[in-house]
Every structure is written in structure tokens, then in C-alpha cells.
Amino acid sequence: MEISRRQLLRASVLVGTAGSGIVPAGERRATGVTRFAVRRRQLKLTHTWTIARNSSDVKDNVFVRIERDGVVGWGEAAPNVRYGQSAEQTMAVLEKARKIVEAGDWLQYVDLRERWERELPEDSCARASLDMAILDWVGGRLDSPLYRLLGLDPGKAPVTTFSIGIDSPEVIRQKVEEAKDFPVLKIKVGKDNDAEILAAVRDATDKPLRVDANEGWRDKQQALEKIQWLAGLGVELIEQPLPAAMIEETAWLRERVEIPILADEAVKTAGDIPRLAGAYDGINIKLMKSGGLQEAIRMIHVARALGMKIMLGCMIESSVGISAAAHLSPLVDYADLDGNLLISNDPFVGVGVERGRLILNDRPGLGVRERGDAS
Ligand SMILES: [Mg+2]
């Protein structure tokens with residue numbers, strides 16, 4: 001006989017094992033039980049997602065669920081081919097992380113992170129999922145939203161852009177209409193139809209635009225002409241116009257254009273930032289590149305010390321990853337946290353969005369719960 005999850009939960013509460021983690025606050029107590037579960041889930045994109053380097057309809061992300069003392073923490077990894085990652089590899093790294101996490105003191109998350117950075121194979125999205133899960137748990141354990149533990153004002157969370165992937169003019173117009181509640185749009189370019197895309201967008205709206213070429217332009221002269229043309233169309237910043245390795249060429253470009261140039265593919269962790277300071281006006285921080293919230297916070301401080309602008313971005317992620325990043329958003333200039341809005345089967349509920357503004361709730365930790373879980 002197959003036992004439903006609900007029956008199992010009820011049974012576990014009855015026998016007092018608190019096995020689900022979905023335990024009413026009043027019943028929380030130290031059980032000493034530690035659980036660590038990893039699960040792969042397929043996220044479906046509402047529209048085929050096309051950027052300069054590839055196209056996809058689904059995204060396989062990996063979710064981590066940890067539990068101790070009746071408190072649950074969630075984390076998410078979004079493996080990205082640009083960084084040589086895959087769901088299989090990430091699952092394998094997380095399996096290696098099990099011992100470290102199970103043995104660790106989760107309240108001492110700084111030491112715990114140092115340990116997995118030292119002992120696990122380099123896989124930034126796997127590390128991000130561990131860091132998120134631990135900090136979600138810490139928030140739950142201390143009964144405080146993460147932004148409060150960090151001393152941040154949720155009222156300062158910025159507006160997020162809504163991203164329009166590369167598409168035909170008809171679909172672009174439809175996407176712009178679907179994004180009508182968002183005051184600023186982020187437009188993907190970098191293939192051979194940039195002019196067609198911008199014409200379709202400008203045909204449909206006069207909103208401020210941010211443009212991301214995803215390393216799609218190959219030489220500095222071409223990039224210069226493109227950026228000058230985009231600036232004339234009301235584009236307020238350009239992200240990663242040239243390949244990440246072309247730092248000198250980007251510095252050349254920066255001397256000749258008016259709008260800010262932001263690094264995305266060229267920057268992963270804090271150590272990458274100083275050498276980019278003369279070439280870029282700012283950086284796009286993503287938890288999946290940095291290896292989590294702790295490193296993202298370091299990056300924010302390093303970038304600020306160098307006088308650089310900061311965008312907080314994302315991969316295609318559910319509300320777990322997006323909510324985690326949103327807790328840091330009061331610290332940044334620009335948010336591009338819309339990965340959860342581009343999928344049709346988000347398994348989680350977390351940060352909200354109203355007319356583009358990110359709305360952080362007052363639930364503990366990351367403030368996320370599984371969709372359909374009413375507790
Ligand atoms: Mg980008």
C-alpha cells in the first residue's frame with residue numbers, strides 16, 4: 001500500500017519524530033534529528049528562453065532541504081553551462097557535502113562555509129544552495145527574516161527589471177505587454193537581430209531599458225557602435241557587451257560611451273572585482289556565481305569600496321533562489337530578480353513583486369514555503 005506524504009507527516013507528528021519539518025511553531029523542540037535531502041526538479045519556462053549563447057524550454061535545478069530541531073532550511077542550485085555546471089555534477093557535489101553539513105554547527109555558518117569551500121569540488125551553485133539552506137535555517141532557528149538579521153530595511157528593496165529574452169518581433173511585443181506592470185525592462189541582445197528586437201520593444205513601450213548582450217558582440221568597434229545606438233533609444237545601462245576575457249577592450253569602450261557598463265560573466269567572486277574596476281562601472285552579482293549569500297555580501301562591500309555600481313541578478317531560479325537574493329537587495333542599485341517570474345511551475349512561494357518592487361515578507365529565514373504547504 002502506498003502511503004501518502006500527508007499520512008506520513010501525520011504519523012511522524014503522532015509518534016513525535018517531527019520528521020516533516022512542518023511542525024507548528026509551538027511544537028518546535030530540540031529533537032537532535034538532522035536531515036539533509038537533495039532533489040532535482042525541472043522548471044518550465046513560460047516562453048522559450050533565448051540569450052546570445054543558447055536557448056532552453058526547461059531548466060533542471062537542484063533543491064536542498066535541511067532540518068534540525070524541527071526547523072527546516074531550503075536552498076537551490078541553478079547549474080549553468082556557461083560555468084561548466086550540470087545538475088548531475090551539482091547533485092554529486094551536494095552528496096559529498098552531506099557529511100560536512102550533518103556534522104556542523106549551523107549557527108556557526110561562517111566556519112561551516114569555510115569548511116565546504118576547502119573540502120568540496122568547486123561548484124558555485126552547489127555552494128550557493130548550501131549557504132542559502134543554512135541561512136534559511138538560522139533565520140528559522142532565531143525566528144527572524146534574513147534581512148532583519150542583516151540589519152536591512154525591506155522598504156529599501158528596489159524595483160526589479162523584467163527580462164525579455166531574444167525572440168521574433170511578434171513575441172517580443174507580446175512579452176512587453178505581459179510585462180506591463182514592470183516599470184523597467186531588461187532586453188537580451190547579442191545575436192544578429194538586435195535592431196529588430198529594439199524596434200519591436202520601442203514600438204510597444206517607451207519605458208527605460210537595460211540591455212544585456214551576454215558577451216554577444218565580438219569586437220570593440222562593433223560594441224561601440226551598438227552602445228551609442230542603444231543610448232539614443234533610451235537604454236540606461238549595458239551589461240557584458242564583450243566577452244569576459246576582453247577587459248582592455250571594455251576599458252577602451254568605457255572611455256567612449258556615456259551609459260554605465262556592467263560586468264556579469266566577467267565576475268564571479270570578490271577576488272575578480274579589483275581588476276575590473278577600470279573597465280566596468282559596476283558588477284552584476286548572482287548567488288549562483290558567488291557561491292552564496294556570504295560571498296555576495298563580501299562582493300557588495302568590495303564593489304562599494306571601489307566606487308562601483310551593483311546589480312543583483314539571477315539565473316532561471318524558483319522563489320527559493322530569488323527570495324534569497326532579494327534579502328540583499330536593499331544594499332544594491334539595480335535588481336534583476338525575475339527568474340521565478342519566467343517559469344510556469346514554481347514549486348515555492350517567497351518574495352512578492354508589486355509593480356516591479358520586491359516585497360519581502362516577515363516569515364523567518366528566506367521567507368519561502370513549498371507551494372501548497374499552508375503551514
Ligand atoms: Mg547578464
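1. The structure is a predicted model, in which local features need pLDDT of at least 70 and side-chain atom pairs count only at pLDDT 80 or more, while totals for chains, interfaces and linings use all residues. Residues are numbered from 1 along each chain as its sequence is written.

2. The protein is divided into domain 1 (17–143) and domain 2 (148–370), with bounds that come from an automatic or database domain assignment. Taken over C-alpha atoms, the centres of domain 1 and domain 2 are separated by 24 Å. The contact between them takes 36 residues from domain 1 and 39 residues from domain 2, where two residues are in contact if their C-beta atoms, placed from the backbone, lie within 7 Å.

3. On the side of domain 1 that touches domain 2, at least two residues each come from strand S1 (34–50), strand S2 (55–68), strand S3 (71–77) and helix H4 (124–141); helices (H or I, at least four residues) and strands (E, at least two) are DSSP runs, numbered from the N terminus. H4 gives the most to this side of domain 1, with eleven residues.

4. The largest nonpolar core has 106 residues, and those with the most contacts inside it are Val201, Ile283, Ile300, Ile310, Leu312, Ala325 and Val332. Such a core is a set of buried Ala, Val, Leu, Ile, Met, Phe, Trp, Tyr and Cys residues joined through C-beta atoms within 7 Å. A residue is buried if 20 or more other C-beta atoms lie within 10 Å of its own, exposed if 12 or fewer, and partly exposed in between, with C-beta atoms placed from the backbone. H4 gives the most to this core, with ten residues, and the core draws at least three residues from each of domain 1 and domain 2.

5. Leaving aside neighbours within four places in sequence, Ile310 is in contact with residues including Ile283, Ile300 and Val332.

6. Helix H2 (residues 87–103) bends by about 40° at Ala97, the bend being the angle between axes fitted to the seven residues ending there and the seven starting there. Thr90, Val93, Leu94, Ala97 and Val101 of H2 are buried, and what covers the buried residues of H2 includes S1, S2, S3, helix H3 (109–119) and H4.

7. Arg115 lies in helix H3, and Arg115 counts as partly exposed because it has 16 C-beta neighbours inside 10 Å. Leaving aside its neighbours within four places in sequence, Arg115 is in contact with Ile100 and Gly104.
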